[in-house]
Each structure stands twice: as C-alpha cells, then as structure tokens.
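Thank you for asking me to look through this structure with you. My notes follow as numbered points, meant for someone who has not seen the structure before.

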Amino acid sequence: MKQEIIKIGGLRLNLSEIAMVFAGLLFFASTAWIASGGSFAVLLTAKAVYFIGLVLLLL
Amino acid sequence: MVGIEVYEIVLFVKQLGFVLAGAASLWGFIFSLKDFTCGENECILYDWIALRLFTLFIGGLTLGALGLLGALSMLTTHAHEGIVILPDKTETLTALLMSAPILLILIAGTIIIMYMRHRHPENFSRLITPFFAFSFVGLFILASLTAWGDGLRENLFFIGHGFHSIFTLGSVLVLDSLFLLSRKSNHLKSHIYPLFPTISKVIWAGLFFDFLSSYLILPEFVITQKFFFMQTVIGILIINGVILSGPIARKLIATVGKELQGKWRIAANIAGAISITSWMTITFVDFFKNLSLGYLSLVGSYLLLILFVFSMHYLLEKFEEEKSAPEFAR
C-alpha cells in the first residue's frame with residue numbers, strides 16, 4: 001500500500017512511521033509510569049501501537 | 001565485576017557470532033537467489049554481493065563456534081567441580097549440548113563448500129544458494145537455543161528471544177556492512193539501496209517477535225533498573241529506526257550517483273551508530289542476569305558506546321574511501 005508522506009517539522013513521515021514514533025514515545029512514557037508504581041498498561045499499549053505500525057508498513 | 005560473569009560474556013559472543021552468520025546466510029540466500037531471476041548483467045553483481053556475505057558468514061560462524069566451545073568448557077567445569085548449578089546455568093548447558101551436533105554439521109558443510117570454492121568453482125556457484133538456505137536453518141536453530149528448560153512456555157520464550165536477533169541485530173550488521181561495501185560504487189548503490197526498505201521491514205518484524213515472546217513471561221516480569229534501561233533503549237531504537245529507515249533511507253535512494261552531503265551525511269552516520277549500539281545493547285544486557293549497574297551508569301555506558309561506534313564507523317568509512325571502487329562487467 002503506497003502511503004502518503006506527511007511533513008512533521010523537518011521530517012517527512014508516512015502513516016506507519018508516525019505510528020512507530022508514537023510507539024517509541026509510549027515506551028518512554030511506560031518507563032516513567034512503571035517507575036512511579038503504575039501497571040504494565042502503557043507498555044502493552046506501546047506494543048499494540050507498534051504492531052499497528054508494523055501492519056501498516058507491511059501492507 | 002558489576003555482576004557480570006565471564007561465561008556470560010562468552011555466551012554473548014556465541015550469540016553475536018551465530019546471529020551474524022544467520023543474517024549473512026539469510027541475505028546471502030536472497031542475493032544469490034536473485035541470480036536466477038535477474039537480467040544477465042546484474043547476476044554477476046548479486047553473486048558478488050552474496051560472496052561478500054559469505055565472508056561475513058565465515059566470520060560469524062567462527063565467532064559463534066569459539067563462543068560455544070568456550071561456554072561449554074566453562075559450564076562443564078562448574079559441573080565437575082561440584083559447585084551447585086543454578087537452574088539457569090543447567091538450562092544454558094542443556095541448550096549448548098543440544099547445539100553442538102548442529103554446529104558440527106554446519107562446520108562440516110562450510111568446509112565442503114570452501115573446498116569447492118577453490119577446487120570446483122562451477123559446483124560452488126551452483127550450490128551456494130542451497131548452502132545459504134541450509135546454513136540459515138541451522139543457525140536459526142542455534143540462535144534459538146539460548147537455554148532449554150522443562151516448561152513449554154519457558155522454552156517458547158527462550159526460542160523467540162533467541163532467534164529474533166538474526167532478523168534484528170544480525171540484519172542491522174549486514175545492512176551496515178552492505179552500506180560500507182557500496183560506498184565507492186554507484187552501480188552497487190543502485191542495486192543495494194533499493195533493498196534497504198525490505199531489510200528494514202525484516203528488522204521491524206524481528207522486534208515484534210521479541211515482543212511476542214516477552215508476553216509469555218509477563219507474569220514473571222521483575223522490575224529492575226535494567227528493565228527501565230531496556231525500555232528506554234527500545235524507545236530510542238524505534239524512533240531512531242523510523243528516522244533511519246524512513247527519511248534517511250529515502251534520501252539515500254534518491255541521491256544514488258551523488259555523495260550524501262552536509263547534515264544528511266552526519267544524520268545518517270549518527271543514526272547508524274545509534275542503531276547498531278542499541279541492538280547490540282539490548283542483546284548484550286539480556287545475557288547478564290545479575291548486572292548491578294544503576295540506570296544512570298547503564299545510560300552513561302550506552303552513550304559512550306554510541307560515541308565509540310560512531311568513531312569506528314567514521315574510520316571504516318575513511319578506510320573504504322581510500323579503496324578503489326570494484327569493477328563489474330556491464
């Protein structure tokens with residue numbers, strides 16, 4: 001599937017790449033969340049978003 | 001020393017060697033397979049690339065075999081001394097003993113194919129593609145056998161946590177060596193760079209296999225400083241990977257025939273160094289169960305390693321620039 005490239009700041013990213021960046025940021029958030037006593041929910045969300053990004057990339 | 005045991009370093013070397021050889025055989029197989037599907041002139045070029053990967057395969061297999069022999073001798077010594085073996089050491093030793101016959105078959109196959117290369121080149125060029133396929137299967141099993149316990153869930157975790165490195169760390173190393181290899185030749189660049197998005201997809205899928213395997217042990221997850229560090233590195237690895245396989249790879253493909261300049265060249269080198277260091281780090285840290293470094297010490301070591309890899313990459317690039325470009329029949 002040919003994905004449209006969107007310009008964000010100085011970077012040109014497609015939809016799957018945006019999902020992957022979001023997943024990466026969620027990994028940082030999950031580290032802080034778990035360190036402050038939170039559950040694995042954010043980490044699992046990060047992995048789910050990563051999976052969505054991967055599917056979009058492979059389509 | 002900081003909770004690292006010598007046998008763990010040896011086990012890491014073994015794994016690094018096997019995943020490098022595994023990835024080299026996977027991509028060597030794909031490049032040599034193109035031999036049958038491409039036009040007449042390009043066949044020479046793809047064979048040439050596959051042969052370069054054969055050298056990488058030999059290096060990886062040697063490293064892996066030395067690591068396996070070293071780890072075997074260290075762990076069996078522990079057993080003979082009557083020291084109480086922790087369950088994880090027993091599981092590791094079981095996996096090493098299961099690996100040994102597969103490694104011996106692989107070494108025998110490699111010796112035969114190397115003999116053919118020198119004595120019967122026509123047979124060698126005919127058999128190199130099935131050889132790469134055969135090696136990939138063997139190395140996939142070797143990379144999967146990092147430990148072997150009693151439970152199915154536990155063993156599935158060990159397998160998933162082991163083989164993904166062929167697709168991640170190993171493929172990153174192959175991709176980087178292909179990048180360095182093609183530096184001087186636009187003809188090579190025009191054939192290698194378009195494959196970068198495909199290699200990236202395999203790397204992203206490899207990381208997903210690792211995530212899947214970690215679900216199997218989610219109830220046993222222990223929250224440590226090492227865990228926080230690993231999560232941080234995975235976050236960096238993903239964001240850096242997007243920049244490297246997205247905007248930078250597109251720029252590289254668009255500028256074949258011209259030298260990548262200015263901020264793009266610096267960005268490509270930094271992103272490449274972060275990529276190799278991060279994959280190496282998440283594989284490396286896994287092998288040290290009692291690593292006692294704190295979060296900041298781990299991050300500090302990681303940043304120093306990025307700087308080191310960046311410098312080494314810069315030197316290698318300079319070295320490649322001094323070499324003349326390979327010539328191909330056109």
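**Notes on a predicted two-chain model**

1. L178(B) counts as buried because its relative accessibility is 1%, where buried means under 20% relative accessible area, exposed over 50% and partly exposed in between, with a 1.4 Å probe and protein chains only. This is a predicted model, in which local features need pLDDT of at least 70 and side-chain atom pairs count only at pLDDT 80 or more, while totals for chains, interfaces and linings use all residues; side-chain values use heavy atoms, with hydrogens and water left out. Residues are numbered from 1 along each chain as its sequence is written, and chains are lettered from A and ligands numbered from 1 in the order in which they are written.

2. L178(B) belongs to helix α5 of chain B, helices (H or I, at least four residues) and strands (E, at least two) being DSSP runs numbered from the N terminus. Apart from neighbours within four places in sequence, L178(B) is in contact with F31(B), I49(B), L53(B), I192(B) and I199(B), contact meaning heavy atoms within 4.5 Å.

3. What does F31(B) touch, leaving aside its neighbours within four places in sequence? The contacts of F31(B) are Y46(B), I49(B), A50(B), L53(B), L178(B) and L195(B). F31(B) is also one of the residues that touch the most other members of the largest nonpolar core, together with Y50(A), I49(B) and I238(B), and that core has 105 residues. A nonpolar core is here a set of buried Ala, Val, Leu, Ile, Met, Phe, Trp, Tyr and Cys residues joined through side-chain atoms within 4.5 Å.

4. Chain A has two strands and two helices, which follow the pattern β-β-α-α along the sequence. Its radius of gyration, taken over C-alpha atoms, is 13 Å, well over the 10 Å that the globule rule gives for 59 residues, so chain A is more spread out than a compact globule; the rule is 2.2 Å times the number of residues to the power 0.38. Along the principal axes, the C-alpha atoms of chain A fill a box of roughly 40 × 25 × 10 Å. Of its 59 residues, 41% count as buried, and among contacts between residues at least 6 apart in sequence, 36% join residues at least 24 apart.

5. How many cavities of 30 Å³ or more does the structure hold? There are two, a cavity being a set of points on a 1 Å grid over the protein atoms alone where a 1.4 Å probe fits but cannot get out, with lining residues having an atom within 4 Å of a point. The largest cavity holds about 390 Å³, a volume being the space filled by probe spheres set on grid points joined across faces, edges and corners. Its lining has 23 residues, of which L175(B), L244(B), S245(B), G272(B) and S275(B) are the closest to the centre. Helix α8(B) gives the most to this lining, with eight residues.

6. By class, the lining of the largest cavity has 14 nonpolar, eight polar and one charged residue; Ala, Val, Leu, Ile, Met, Phe, Trp, Tyr, Cys and Pro count as nonpolar, Asp, Glu, Lys and Arg as charged, and the others, Gly among them, as polar. The second largest cavity, of about 100 Å³, is lined by five nonpolar, two polar and six charged residues.

7. The largest pocket has a volume of about 1,300 Å³, a pocket being an open set of points with protein on both sides within 12 Å along at least five of seven lines. Closest to its centre, among 38 lining residues, are F157(B), H161(B), I217(B), K226(B) and D286(B). Helix α5(B) supplies the largest share of this lining, seven residues, and the lining as a whole divides into 16 nonpolar, 13 polar and nine charged residues.

8. The second largest pocket holds about 710 Å³, and α10(B) gives the most to its lining, with nine residues. This lining divides into 22 nonpolar, four polar and one charged residue.
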